[in-house]
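Subject: Structure handover

Hello,

I am passing a structure on to you, with notes on what was found in it. Please look through the model before reading on.

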Amino acid sequence: MVAGLFGLLIAAAAPSGAAQLAPTLPPVPPIEIRSPLTPDSGIRSVDPDSWIGPHVIHLMVGGTQLEYIGGISGSATSDLARALDDNRNIRVLQLTSQGGDALVAMQMERLVRSRGLVTYVPRLCASACAFVFLGGKERYVGLGAQLAFHAAAGLDESPAATARIAAALKSWMLDRGVAPAFVDRAVSTPHTTVWVPTSDELLQARVITALTSPLPFAEPGFGPGIPDLVKQGAPQSDPLYLANQKLLLAMRTADPASFDQLESQLYDSMQAGRYDWMHAISVARLADVVLRRSIAVADDEAVANLVSASIEKYERLAKIDPAVCVKLPSVTRSQKEAAMAALPADLVIREISALARIVESGTAHPQPPPSLDEAKATYKVLLHDLANVVDGKYLLQPALDPARACSYRSVILKAMLARGAHDRSVLLRAMMLGELS
């Protein structure tokens, strides 16, 4: 079960690039986004993802350009890859975004660079979006458009972490051919504001290819203003962001050495420009070590809170996508991302908050670790008591009926919660550690 929380830890560990845009930016009227310009293309994806906001991808008139609008997070990279795979004639990527997850943006930049795309900003590309923009083999900014930069926040927003990520991003931007003086200012601008360079500054620093483009860019699907989809909010006011930060701080307190190693792996891979999904998994596995250690010694109430959130998640996934719930081998990453994105934000916050509480309690008041032999014996009795309710073959072979297997998991967890305090503690901690099946 702990392994299923990798996605939460990846999101929690991701340095953020978006922030409230500076008041010096010229105001532009937000307007509603229109339907895709080519409605039958099938290229449209909406991914609500906490404070960062959703995104959409449109195939534009002519079939050689895509526009990406909205936050950079979650399934952004896989959505863009799918759009490019489905439309082999794409030559230009138009970007309108307030930014978001710096790590996802770096994945998108690699994709853009590998496909040899031209990047173009018709109106606004801020923060992490600028990283994606740098992937273009040619790069252009429209008349009056804004390309905005600032420093990314570190894992825990401490001065040391912020300095560390600034060094990593500086190396990364220099490797993309950006002038050193420009990079210095970009990574030193506080992440609570933005720096909007002039066109001449962008040209001189080799950020853009030229002031004017020989290419005819398609008209944006949202008209002359910035669409409502481009959210311009501060992450510090978002409950999900705050829950993630609380979890990270708890992990740092619980195991400073592992936390430092996690940061080092994350920032070193970013600095080398090789951050990808496999690196994300390795970082999450390191975080998983801290969680496993904490769960083994956390108090009963903290673990029970996490299990309660897990029960609700199972019940919802049974309706959204049972295959994701039982982790069938056929489940794709984009399928899993879509299912997790469909979960309500308050449930995700509850789960992350419960994790933070587990780490905190395991650090402040560690309990004796569960006896696995006792847990297995108690679990055997529990399954016997549920023999008329739960058909074991669906637990052993969930592919037979994923929805039923998923619902049975909820039934078993509820039965665990209903046990006496001692049995409940032993069972739940052993279950969370993956020792019961």
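This is a predicted model: local features need pLDDT of at least 70, side-chain atom pairs count only at pLDDT 80 or more; totals for chains, interfaces and linings use all residues.

Residues are numbered from 1 along each chain as its sequence is written, and side-chain values use heavy atoms, with hydrogens and water left out.

Whole chain

The protein chain has 18 helices and 7 strands; these are DSSP runs numbered from the N terminus (helices: H or I, at least four residues; strands: E, at least two). Of its 437 residues, 55% count as buried, where buried means under 20% relative accessible area, exposed over 50%, and partly exposed in between (1.4 Å probe, protein chains only). Among contacts (heavy atoms within 4.5 Å) between residues at least 6 apart in sequence, 74% join residues at least 24 apart.

The sheet

An open sheet is formed by 5 strands in the order S1-S2-S3-S4-S6, with mixed pairing. Two strands pair if DSSP finds at least two bridges between them. At the edges are strand S1 (55-59) and strand S6 (138-141), each pairing on one side only. From one strand to the next, the twist averages 20 degrees.

S1 and S2 are antiparallel, with 5 bridges, and Leu59 stands opposite Leu66 in S2. The two strands S1 and S2 make a hairpin with 5 residues between them, and Gly62 in its turn has a positive phi of about 105 degrees. S2 runs parallel to S3, joined by 5 bridges; here Ile69 is opposite Thr96 in S3. The path from S2 through H2 to S3 is a right-handed β-α-β crossover (with the strands pointing away from the viewer, the path from the first strand over the helix to the second runs clockwise). Because 6 of the 6 residues of S2 are buried, S2 is largely enclosed by the rest of the structure.

The cores

A nonpolar core is a set of buried Ala, Val, Leu, Ile, Met, Phe, Trp, Tyr and Cys residues joined through side-chain atoms within 4.5 Å. The largest one has 62 residues, and those with the most contacts inside it are Tyr379, Leu382, Ile412, Met416 and Leu436. Helix H11 (residues 300-320) gives the largest share of this core, 10 residues. A second, separate core of 56 residues includes Ile72, Val121, Phe149 and Tyr267.

Two loop residues

Arg206, in the loop between helix H7 (199-204) and helix H8 (239-254), is not a glycine but has a positive phi of about 65 degrees. Arg206 counts as partly exposed because its relative accessibility is 46%. Lys327, also not a glycine, has a positive phi near 60 degrees and lies in the loop between helix H12 (322-325) and helix H13 (333-341).

Regards

Technical notes. Axes are lines fitted to C-alpha atoms, for helices over the stretch in contact, and angles run from 0 to 180 degrees between N-to-C directions.
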